[in-house]
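Me: Could you help me learn to read a structure, starting with a single residue and then moving on to the whole chain?

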Amino acid sequence: MTVSSLTQRLLALGRVKFLLYSPILYTVGAIIPTLEGGALHAGHFVHGVLFTWITHLMTHYCNEYYDLEPDRANVSPSPWTGGSRVLVKGLVAPELSLRLAYALAAVSLMLALLMPTMSARVLCLLAIFFSWEYSAPPFKLEALGLGEATVTLVLNILVPVLGYCLQSGGLQPHPLLLVLIPLGIIEYIRMMVMNMADWESDATTWKKTLVVRIGIENAVKVHGVGMVLAYLSLIPLYFAGVPLTVLLALLATAYMGLRYAYRLQKGAWRQKQTMWIIPYIASTHNGLGGSAALIGMILLKPGVSPSSLEFFPLYLYLGGFLLLKFMARLKRQPPVGAEPGGNPA
């Protein structure tokens, strides 16, 4: 195996495409203390992004190792669910995935201990703990029906609050932090969708997710209620002091979310082909929700320029999205010298 092919397999194993989301949520928190003027502290910003990425990647390698049995049981995975399939296909030894997880955990812990304030260190340590215990023993939180809550806690609370803390120097309350409520609900039900796609195979293994525990039909109902609540929550947030610009930006994503939630209510979860694509839609809706909140905040900030750090996660997300679309299109094209729908000449 060449170094190039091993690198490709390890990147696939790490599911790096999901790393596009976390910097958006981190920046949603980081920008808040600077909205009345002033630039982001670049050093603290980069430190937090690196910690977020390393911890996020650690979770993927850890999850791939401990989820190997459920992933093997899954005979209808999608590009967004059922794991990376790298370990299932035997392309990399499972032990290597665990070693990478341990190595990244060590780097993550070092970055956590180097944080400039005690509150930031505590937030980082909590993020490492819950990220690891998502799928690893002794708790295996995803198997207790707590996977959705764990992901929401880490990505939609601890990560943006860390960004806020690093820029403000502490954990003072701020009304804009309430934006994390609708974003958290959207994340929670998006994770339910990911588990809906795998619920049949998960039910045959130890991985008793929330969807398995309450049943797929009840899970679909909870998802629909959650989607409506996410957008209804914008009303009390307005009266709590969240600027209308931010709320309207979030509201712009409602059609996409409500539309795919409606499809689920109408029985889309029963169709394998549909459930192959809905996790992608749910993930995109989740990413657009965080992006909308960040754009709304950027519009509130005086003197911000397109070259400012606040735009970094938006450029990253857009670039990554376009790259993934391009790569997916290449995979659908016939080989050189082949007739459409035929065999190579």
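Reply: Leaving out residues up to four places away in sequence, Gln172 touches Tyr164 and Leu177. Keep in mind that this is a predicted model, where local features need pLDDT of at least 70, side-chain atom pairs count only at pLDDT 80 or more, and totals for chains, interfaces and linings use all residues. Numbering runs from 1 along each chain as its sequence is written, and side-chain values use heavy atoms, with hydrogens and water left out.

Me: Where is Gln172 found?

Reply: Helices are DSSP runs of H or I with at least four residues, strands are runs of E with at least two, and both are numbered from the N terminus. Gln172 sits in the loop between helix H7 (147-168) and helix H8 (180-197).

Me: How far apart are Gln172 and Pro33 in space?

Reply: From C-alpha to C-alpha they are 9.9 Å apart, though 139 residues separate them in sequence.

Me: How many helices and strands are in the protein chain?

Reply: It has 16 helices and zero strands. Its radius of gyration is 20 Å, close to the 20 Å from the globule rule for 345 residues, so the chain is as compact as a globular protein of that length. That radius is taken over C-alpha atoms, and the rule is 2.2 Å times the number of residues to the power 0.38.

Me: What share of the 345 residues is buried?

Reply: Buried residues make up 53%.

Note on methods
Contact means heavy atoms within 4.5 Å. Buried means under 20% relative accessible area, exposed over 50%, partly exposed in between (1.4 Å probe, protein chains only).
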